[in-house]
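Please keep the structure open while reading.

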Amino acid sequence: MAIPTLNTSTLKVLEVYKAMIGRSLKGWTNGELARAVGEDNPANITRSLNTLIAAGLVEKTEEDGRFRYSDFLLKISFAHSLETETTIQRETERHRQLIAGARGLING
């Protein structure tokens, strides 16, 4: 099987994005993120952050200029949670109906 062609600059942006886990409220400076991903030049992190901001996934706070996940990401998380909850409720109801039907078969 052939190895797919990878876009290394995209991977670097995603590495920064993943490194942001754990400070959703406090946020990060570009220097902190540079250290977290082992990047010597914080300017490279700033370019990645600008890409993430343009995509709507990260925001720069006005108060202190720190970077954090955007509300859009939080909405994605909540949407996933709601979808999961709805699926569980639907499957729980289906399971209840199957048990009732099985009891009817057993009890005649």
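1. Start with helix H2, and what covers its buried residues. H1 and H3 are included in that cover, where contact means heavy atoms within 4.5 Å. The buried residues of H2 are Gly 31, Glu 32, Leu 33, Ala 34 and Val 37. Buried means under 20% relative accessible area, exposed over 50%, and partly exposed in between, with a 1.4 Å probe and protein chains only. Helices (H or I, at least four residues) and strands (E, at least two) are DSSP runs, numbered from the N terminus.

2. A word on the source. This is a predicted model, in which local features need pLDDT of at least 70 and side-chain atom pairs count only at pLDDT 80 or more, while totals for chains, interfaces and linings use all residues. Residues are numbered from 1 along each chain as its sequence is written, and side-chain values use heavy atoms, with hydrogens and water left out.

3. Glu 32 deserves a look. It sits in helix H2. Its side chain makes a polar contact of 3.0 Å with the side chain of Arg 23. A polar contact is a pair of N or O atoms within 3.5 Å; within protein, one must be able to donate a hydrogen and the other to accept it, and residues adjacent in sequence count only if both atoms are side-chain atoms. Leaving out residues up to four places away in sequence, Glu 32 touches Arg 23, Gly 27 and Arg 66. After H2 comes Gly 38, with a positive phi near 75 degrees.

4. Which residues of H3 are buried? They are Ile 45, Ser 48, Leu 49 and Leu 52. These residues cover an arc of only 100 degrees around the axis, so they lie on the same side of H3. The arc is that of the directions from the helix axis to the C-beta atoms. The buried residues of H3 pack against helix H1 (8–19), helix H2 (30–37), strand E1 (58–60) and strand E2 (67–69).

5. The length of H3 checks out. Its 13 residues (42–54) should span 18 Å at 1.5 Å a residue, and the end C-alpha atoms are 18 Å apart, which agrees. The expected span is 1.5 Å times one less than the number of residues. At the start of H3, a side-chain oxygen of Asn 41 comes within 3.0 Å of the backbone nitrogen of Ala 43. Gly 56 follows H3 and has a positive phi near 80 degrees.

6. H4 (residues 71–107) has 37 residues and reaches 54 Å from its first C-alpha to its last, close to the 54 Å expected at 1.5 Å a residue. Just after H4, Gly 108 has a positive phi of about 70 degrees.

7. Next, the largest pocket. Its volume is about 150 Å³. H3 gives the most to the lining, with five residues. Lining residues include Lys 12, Val 16, Glu 39, Asn 44 and Arg 47.

8. Thr 61 lies in the loop between E1 and E2. At 7% relative accessibility, Thr 61 counts as buried. A polar contact of 2.4 Å joins the side chains of Thr 61 and Asp 64. Thr 61 also touches Arg 66 and Arg 68, not counting residues up to four places away in sequence.

9. Compare Leu 14, in helix H1. At 40% relative accessibility, Leu 14 counts as partly exposed.

Notes: On a 1 Å grid over the protein atoms alone, a cavity is a set of points where a 1.4 Å probe fits but cannot get out, and a pocket is an open set with protein on both sides within 12 Å along at least five of seven lines; lining residues have an atom within 4 Å of a point. Grid points are joined across faces, edges and corners, and a volume is the space filled by probe spheres set on the points.
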